[in-house]
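Subject: Structure handover

Hello,

Here is the structure for your files.

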Amino acid sequence: MSRWSFIVVAITAAVVSCIASAKAETLQYKVEHAIGDGPFVERGVIEAPLKGHSSLKQSISDDFLKQLEAAAATDAFYRVRVLTLVDGELVSDTPALSIAPACAVIASSFVDTLKLHVAEEGTLVAIEVVPSSKQCGQKKFGKNVKPKCTVLPVYATQGPTPETAPIVAKMEAQTQKREAGEPEEDSRSFLERYWMYIVPFLVIQLISAFMQPTAQEKK
């Protein structure tokens with residue numbers, strides 16, 4: 001292969017690699033919210049991959065804020081759900097849901113934290129919406145409400161796996177001995193092997209000791 005042929009092949013491979021990267025799947029999390037049993041409306045979209053704290057780009061209408069005030073007066077709940085999208089298509093029909101008291105959202109001036117519990121591959125496991133205030137005494141928004149949502153990813157970690165190799169090796173050795181007709185070694189202690197004989201004997205001795213009359217009773 002000549003030098004120019006090698007260069008052409010290298011350029012072709014680079015172009016193919018760029019096209020493949022451009023066709024990579026795009027992962028998004030669509031955030032929707034609702035008041036009480038009302039319909040869900042879009043609140044914003046979170047782009048993956050998630051990198052630490054970020055702010056949700058959201059759009060909340062004045063009409064939605066008024067509905068939230070009316071809901072707080074009846075102690076209704078504010079609901080949030082997150083849907084996973086791949087290339088704009090819905091992945092699952094079961095979104096992750098979370099709720100908070102509408103009055104707490106108002107007391108927080110619509111400043112909250114949205115925790116996304118995700119697996120290592122990006123699969124959404126659960127969500128949690130946390131208003132910045134837990135008070136419910138306020139039923140109306142103040143002036144110049146500026147909603148703000150902090151997105152906090154929480155990644156699931158795999159716990160330690162038990163060491164099973166020694167146990168499996170011991171079981172295999174015992175199986176081989178049984179198949180070969182060899183007697184199995186009993187590794188139990190003396191008490192572990194004969195406790196069913198020792199305990200009744202001790203109980204009988206204690207009962208006999210209590211049943212025997214003392215020297216004063218004999219007199």
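Predicted model: local features only at pLDDT ≥ 70, side-chain atom pairs only at ≥ 80, totals over all residues.

Residues are numbered from 1 along each chain as its sequence is written, and side-chain values use heavy atoms, with hydrogens and water left out.

The protein chain has six helices and nine strands (DSSP runs, H or I of at least four residues for helices and E of at least two for strands, numbered from the N terminus). Of its 219 residues, 24% are buried (under 20% relative accessible area, with exposed over 50% and partly exposed in between; 1.4 Å probe, protein chains only).

Four strands form an open sheet in the order 3-9-7-8, with mixed pairing (two strands pair if DSSP finds at least two bridges between them). Strand 3 (54-55) and strand 8 (124-131) are its edges, each pairing on one side only. Strand 7 (residues 111-118) runs antiparallel to strand 8, and seven bridges join the two. H117 has A126 in strand 8 as its bridge partner.

Helix 5 (residues 190-211) contains Y197, which is exposed at a relative accessible area of 59%.

Regards
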